[in-house]
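Welcome! Please take a moment to look over the molecule shown here, and then we can walk through some of its side-chain links together.

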Amino acid sequence: DVSSSFNLNPDGTFPDGVPNPENNKMIEKTLRACEECKADIGIMFDTDADRCGFVVPRTVTPTSSSDYEALNKNRLIALLSVIFSNTS
């Protein structure tokens, strides 16, 4: 279900700024969208989809006002490292 998704239609004027999954504004907007629809996951891409970030439900007691947190940059690399080290 993508009914709570935003920026699905291409708009080269980038009214919300150039998409960047490491940009705090984009992360906050995705956090809010996930909270509103109680999403299982939020996925953020940059303009050519060579970078992505995720917003996931928190698995520990929230340290902020959100029940969701960003999973990107080093945290995403660490997660992938654990997954792949357990499969090889």
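Which residues are linked in a network of salt bridges? They are Arg-58, Glu-69 and Arg-75. A salt bridge here is a side-chain nitrogen of Lys or Arg within 4 Å of a carboxyl oxygen of Asp or Glu.

Before going further, a word on the model: it is predicted, so local features need pLDDT of at least 70 and side-chain atom pairs count only at pLDDT 80 or more, while totals for chains, interfaces and linings use all residues. Residues are numbered from 1 along each chain as its sequence is written, and side-chain values use heavy atoms, with hydrogens and water left out.

The structure holds four salt bridges. Among them are these:

| Pair | Closest N to O distance |
|---|---|
| Asp-16 and Lys-29 | 2.5 Å |
| Arg-75 and Glu-69 | 3.4 Å |

Let's start with the pair Asp-16 and Lys-29. Asp-16 sits in the segment before helix H1 (24-37) and Lys-29 within helix H1, so their bridge ties together parts that are 13 residues apart in sequence. Helices (H or I, at least four residues) and strands (E, at least two) are DSSP runs, numbered from the N terminus. Asp-16 is partly exposed at 34% relative accessibility, and Lys-29 is also partly exposed, at 26%. For these labels, buried means under 20% relative accessible area, exposed means over 50%, and partly exposed lies in between (1.4 Å probe, protein chains only).

Now back to the network. Glu-69 is buried, with a relative accessible area of 16%, whereas its partner Arg-75 is partly exposed at 42%.

Where does Asn-72 lie? You will find Asn-72 in the loop between S3 and helix H2 (73-87). With a relative accessible area of 10%, Asn-72 is buried. Its side chain reaches the backbone oxygen of Pro-21 at 3.1 Å. Setting aside neighbours within four places in sequence, Asn-72 is in contact (heavy atoms within 4.5 Å) with Pro-21, Glu-22, Ile-27 and Gly-53.

Note on methods. Polar contact = N/O pair within 3.5 Å; in protein donor to acceptor, adjacent residues only side chain to side chain.
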